[in-house]
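Try each task on your own before reading its solution.

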Amino acid sequence: MSEPTILVVDDEPQMVMILEYLLRGRGFSVITATNGAQALERFEAQPVDLVLLDVTMPRVGGVEVARRLRRISDVPIVFLTARSNTEHIVAGYEAGADDYVVKPFEPQVLTLRIEALLRRTVAPRAQVVELDGLSVDLDSRAVRVGDASVTLSDVEWRLLRALAERVGEVLSWRYLLSQAWDTQDHVGGRELVKVTIYRLRHRLGHPAAELVQTVRGEGYRLGAEAG
């Protein structure tokens, strides 16, 4: 099972490094952004389970980022800021924040609040994903269609695992590239994902191949739309 992914957004590089070190030490996967525009790009490129968001940033501030995220997602948002007056706290909650932590903060308190929020909002991910005759064991790598075992290459397995871990969610080609090839910066990456999706469908065969869906202009999805 994959660990929860947290998007850390702060325009102070040192604070980003501190938060990344702290959260990775607690077993979280972390992606980072140093401004609001970059945060929105990262969020669209890779599904995340929680956003830890600084309020005061140039150009696109934290409150505006939260408003934009709320238009497209119910992801938990925790504001992390030096502003402690009531007006700013109220503005944060009205923008869609789920929690508000004031700097300086106690590291243990911050991580406990994040963990508590994730327990309430993130459903446990099944170790075995079963969907219309397709069975994917995320631990043993066993893949079956009906009673037949399916043999996949390493990269095909990593691609299927990424899809199976987030059944029903549309995943961008950049996210799938990062999961299957451990990079988001690959020349011809979009085509590489497309070709591997084609090979994966061929391996699964009809009708299981139809579960691996292309969502035009957005990415790929395993199974029907979530929710």
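## Exercise 1: Between the two domains

Across the interface of domain 1 and domain 2, one salt bridge is found (a side-chain nitrogen of Lys or Arg within 4 Å of a carboxyl oxygen of Asp or Glu). This is a predicted model, in which local features need pLDDT of at least 70 and side-chain atom pairs count only at pLDDT 80 or more, while totals for chains, interfaces and linings use all residues. Residues are numbered from 1 along each chain as its sequence is written, and side-chain values use heavy atoms, with hydrogens and water left out.

Solution, step by step:

1. Six residues from domain 1 and nine residues from domain 2 take part in the contact, where contact means heavy atoms within 4.5 Å.
2. Ala45, Gln46 and Pro47 supply 80% of what domain 1 buries against domain 2, more than any other three residues.
3. Aspartate 49 and arginine 166 form a salt bridge, and their closest N and O atoms are 3.6 Å apart.

## Exercise 2: An annotated aspartate

Task: find out where Asp54 sits and which residues it touches.

Solution, step by step:

1. An unreviewed UniProt entry places "modified residue: 4-aspartylphosphate" at Asp54. UniProt positions are given in the numbering used here, feature names are shortened, and annotations may be inferred rather than shown by experiment.
2. Aspartate 54 belongs to strand β3, residues 50-54. Helices (H or I, at least four residues) and strands (E, at least two) are DSSP runs, numbered from the N terminus.
3. Aspartate 54 counts as buried because its relative accessibility is 5%; buried means under 20% relative accessible area, exposed over 50%, and partly exposed in between (1.4 Å probe, protein chains only).
4. Leaving aside neighbours within four places in sequence, aspartate 54 contacts Val9, Asp10, Asp11, Gly62, Leu80, Thr81 and Lys103.
5. Lys103 is joined to proline 104 by a cis peptide bond, with omega about -10 degrees. Proline 104 lies in the loop between β5 (99-102) and α5 (107-121).

## Exercise 3: Helices α7 and α8

Task: which residues of helix α7 are buried, and what covers them?

Solution, step by step:

1. In α7 (residues 173-181), the buried residues are Trp173, Tyr175, Leu176, Leu177, Ser178 and Ala180.
2. Their cover includes α2 (36-45), α6 (154-165), α8 (189-204) and β11 (219-222).
3. Aspartate 182 follows α7 and has a positive phi, near 60 degrees.
4. Now look at threonine 196, which is found in helix α8. Threonine 196 counts as buried because its relative accessibility is 1%.
5. Not counting residues up to four places away in sequence, threonine 196 touches Val155, Glu156, Leu159 and Trp181.

## Exercise 4: After α8

Task: what is the peptide bond from histidine 206 to proline 207, cis or trans?

Solution, step by step:

1. That bond is cis, with omega near 5 degrees.
2. Proline 207 is placed in the loop between α8 and β10.
3. Alanine 209 lies in the loop between α8 and β10 (212-215), and alanine 209 touches Arg201 and Leu204, not counting residues up to four places away in sequence.

Definitions and conventions. Buried area = accessible area lost by both parts, 1.4 Å probe.
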